[in-house]
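Hi there,

Here is the structure I promised to pass on to you.

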Number of protein chains: 2
Amino acid sequence: MLPTIAREGDTVVMIDQRKLPAEEVYVHCKTAAEVARAIKTMVIRGAPAIGVAAAMGIAVGVRKSKATGTQKVAAEFYRICELMAATRPTAVNLFWAIDRMKRAFAAAAKAGQSVDQIKDVLDREAQTIHDEDVASCRAMGAYGAEVVPAEAHILTHCNAGALATAGYGTALGVIRGAVEAGKQVSVFADETRPFLQGARLTAWELVRDGIPTTVITDNMAGALMRQGRVNFVVVGADRIAANGDTANKIGTYGVAVLAREHNIPFYVAAPLSTIDLSTPDGSRIPIEERSAKEVTHIGGAQLAPDGAAVWNPAFDVTPHHLIVGIITERGIFRPPYVESLQRAFARDTVPTS
Amino acid sequence: MLPTIAREGDTVVMIDQRKLPAEEVYVHCKTAAEVARAIKTMVIRGAPAIGVAAAMGIAVGVRKSKATGTQKVAAEFYRICELMAATRPTAVNLFWAIDRMKRAFAAAAKAGQSVDQIKDVLDREAQTIHDEDVASCRAMGAYGAEVVPAEAHILTHCNAGALATAGYGTALGVIRGAVEAGKQVSVFADETRPFLQGARLTAWELVRDGIPTTVITDNMAGALMRQGRVNFVVVGADRIAANGDTANKIGTYGVAVLAREHNIPFYVAAPLSTIDLSTPDGSRIPIEERSAKEVTHIGGAQLAPDGAAVWNPAFDVTPHHLIVGIITERGIFRPPYVESLQRAFARDTVPTS
C-alpha cells in the first residue's frame with residue numbers, strides 16, 4: 001500500500017506528489033499551517049486525500065496548541081478549520097472532513113471533556129476518516145470490478161489512485177479490484193496537463209503494481225477510442241452535485257464526450273463524501289483557477305511566450321447525462337441520479353448495481 | 001512576415017522551431033542531408049513548410065553535386081528525392097513538392113538543357129513553390145475571413161501559421177485575414193502536446209502580431225466550449241483524402257468532436273497541395289508514430305516513470321462529417337467533399353463559399 005499520508009507522533013507525513021516519479025521525497029508537516037500549505041501547493045492532492053490531510057492537520061494543530069480551557073481551544077480549533085477550508089475550493093471532501101472534525105469537537109466539548117481528552121478525540125476522528133477512506137476505496141473496487149469487462153482496456157484521466165486517497169484509490173481502486181477479481185486489465189493513462197498527475201502519478205502507481213500501463217497525451221484519447229482500443233472509462237471526482245453532475249480534473253468532460261461518441265461506458269468512482277447533496281447541479285460547483293505558470297512552465301523550460309494570456313481552471317464539470325454509473329462504497333448508482341444519490345445516503349437502501 | 005525558411009546562396013536557412021519561444025536560433029543547412037535531418041527532427045514542421053524545405057533541399061543538393069553529365073546528375077537528383085521522401089510519412093505536401101521538382105527536372109532534361117541550366121531550373125522551381133505557398137495562404141486568408149464571425153473567439157490546435165508554411169499561415173492565415181478584414185478576433189491556442197506547437201509557436205506568432213491570445217492545455221477545450229467562449233474553430237491539415245477525411249496534428253479529432261457537440265463550426269484551412277485525391281479516405285493515410293521521449297520528457301524533466309509504455313502518434317484523422325468547410329486558395333469547399341474536392345482541381349470551377 002502506498003504511503004500517501006500518515007501520522008507520525010505530532011507530525012503529518014506525506015509523500016511529495018510534485019516530485020514523483022523522479023524522486024520519492026516525504027514532507028513532514030509539524031503545524032496546521034504547514035499542512036494547509038501542503039494542500040494548497042499540491043504536495044498532496046486528490047479529493048479524498050485532502051480531506052484526510054485537513055483532518056490530520058486540524059488534529060495536529062490542536063494537539064500543538066498551548067491554549068488552556070475549552071473555550072480558548074475552541075477558538076484555536078475554529079481558526080484552524082478556517083485555514084484548512086481556505087486551501088482549495090472545489091473538492092467537497094475537504095469541507096466534509098472539516099465538518100466531521102467540527103462535529104467530533106462539538107460532541108466532546110458538549111460532553112464536558114477535558115482539553116487533553118478533546119485532543120485525543122480529534123486524533124481518533126482524523127485517523128478514523130483515514131481508515132474509513134481506505135475501506136471505502138476497497139468497497140468501491142469490489143463493486144466497480146463487476147462492471148469492468150473481462151478483457152478490459154481502461155482509460156483513466158488524472159490520478160484517482162492510492163495517492164489521491166488514504167490508499168488503494170477510487171478509479172484506480174476499481175482497476176485494482178478488477179485485477180484482483182481475475183480480469184485481464186490494461187490501462188491508458190491520460191498524462192493530464194498541466195500538473196501531469198496521469199503521467200507522473202497514475203503511471204507510477206500502476207507500474208509498481210505490475211498493471212500494464214500506457215501513457216498518452218490528453219489529446220490522444222479521441223484517436224485511441226476511434227481505433228476501438230478502449231472499452232471502459234473510469235475517473236474519480238472532486239464533487240458530485242445532487243443531480244449527478246461531476247466536477248473532476250480539467251479534461252474529464254472532454255473524455256466523457258468522446259466516450260459517449262464512441263459508445264464506451266464512462267463511470268465515476270468516488271466515496272459518498274464526494275457527493276454534495278447541497279449543491280443542486282454542476283453550475284453551482286466553484287471551480288478553482290490556478291496560476292498561469294503551471295501551464296507556461298515545466299521544470300526550467302518556458303513553454304509559452306511572454307504576452308500570451310493563460311486560462312488554467314483546475315477542474316471541469318461533466319454533466320450527469322454522460323455518466324453511466326457512479327461507483328461508491330455502497331454500490332453503483334445509476335440515473336436518474338437526482339433520485340439514486342438521495343437514496344445513497346439512506347443507510348437501509350441497497351443500490352442497484 | 002516571419003522568416004520560416006529562405007535560400008541564402010547555396011544554403012537553406014530555417015528558424016529552429018524546437019527552440020521557440022525561448023530562443024530565436026537559425027539553422028543553416030548546406031547539404032540535402034542536412035535539410036532532410038532538419039525535417040525529420042522538426043527544426044521545421046508544418047505540411048506546407050516541409051514541402052518547401054524538401055524542394056529547397058533538393059535544389060541545394062543538386063546545386064552542390066559534382067556529378068557531370070545529365071545522367072549522373074539525374075541519379076544524384078533521384079537519390080536526394082528519396083532521401084527527402086523518407087523524412088516524414090503523413091504530410092502529403094512533402095511528396096507533392098518532390099513530384100513538382102521531379103517534373104521540373106524531367107522537363108529540363110527532356111529539353112536537352114545543360115547541367116547548369118537544370119540546376120537553375122530546380123532553384124527556380126523551389127523558389128516558386130515557396131512563393132506560391134505564401135500567395136496561397138493570403139488567398140486562404142481572404143476566403144476564410146468571410147466565414148469568421150464579426151466578433152470571433154477562435155480556437156485553433158497546433159500551429160498552422162507562418163511557421164508551418166512559407167509565410168502567413170493556413171489556419172492562422174484565416175485568422176490574420178479576419179483581423180485585416182476588420183473583424184474583432186481573439187484566439188485560444190491549444191498548447192498541443194507533446195511538441196507544444198500551440199503554446200510555443202502559435203502563441204508566439206500571434207503575440208508578435210498583437211492578436212489577443214490565450215493558451216490553454218489541450219484538455220481545456222471542452223470546458224471552454226461548454227462555457228460558450230468559442231464560436232469558431234479553424235485548424236490546418238497534413239493530408240486531406242478525396243472524401244474530405246483530414247489528417248492533422250494529434251488531438252484535432254477530439255477538438256472536432258467537441259466542436260460538433262457544442263454546435264461550433266469546425267473548418268480546415270489548407271492549400272490544394274494538401275489534398276490527396278489518390279487517397280480515397282482517412283483510413284489510408286499513413287500516421288507517423290514518434291519517439292516515446294517526446295511524451296515522457298520536457299527539457300530535463302522526466303514526466304512519466306520508467307516501465308510505462310507510451311503511444312505517440314503525431315497525427316489523427318478527423319472524419320469528413322465533422323468538417324463544415326475546407327478553406328483553400330481557390331475558395332471554401334463544402335460537403336459532399338468527394339464531389340467538391342474533385343472540382344477544386346478543375347481550374348475553371350468557382351467553388352461555392
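Below is what I found, going from the pair of chains down to single residues. Please keep in mind that this is a predicted model.

Let me start with the two chains. Chain A superposes on chain B through a rotation of 180° with 0.0 Å of shift along the axis, at an RMSD of 0.0 Å. The two copies are therefore related as by a two-fold rotation axis. Both copies use the same surface, as 100% of the contact residues of chain A recur in chain B.

Next, helix α1 of chain A, which covers residues 32-40. Its buried residues are A:Ala32, A:Val35, A:Ala36, A:Ala38 and A:Ile39. They lie on the same side of α1(A), because the arc they cover around the axis is only 160°.

Last, a residue in chain B. B:Asn93 sits in helix α4, residues 92-110 of that chain. Is B:Asn93 buried or exposed? With a relative accessible area of 1%, B:Asn93 counts as buried, the cut-off being under 20%. Setting aside neighbours within four places in sequence, B:Asn93 is in contact with B:Ala47, B:Pro48, B:Gly51, B:Asp238, B:Pro271, B:Ser273 and B:Thr274.

Best wishes

Conventions:
Residues are numbered from 1 along each chain as its sequence is written. Chains are lettered from A and ligands numbered from 1 in the order in which they are written. This is a predicted model: local features need pLDDT of at least 70, side-chain atom pairs count only at pLDDT 80 or more; totals for chains, interfaces and linings use all residues. Side-chain values use heavy atoms; hydrogens and water are left out. Buried means under 20% relative accessible area, exposed over 50%, partly exposed in between (1.4 Å probe, protein chains only). Helices (H or I, at least four residues) and strands (E, at least two) are DSSP runs, numbered from the N terminus. The arc is that of the directions from the helix axis to the C-beta atoms. Contact means heavy atoms within 4.5 Å. Copies are superposed by least squares on the C-alpha atoms of residues with pLDDT of at least 70 in both.
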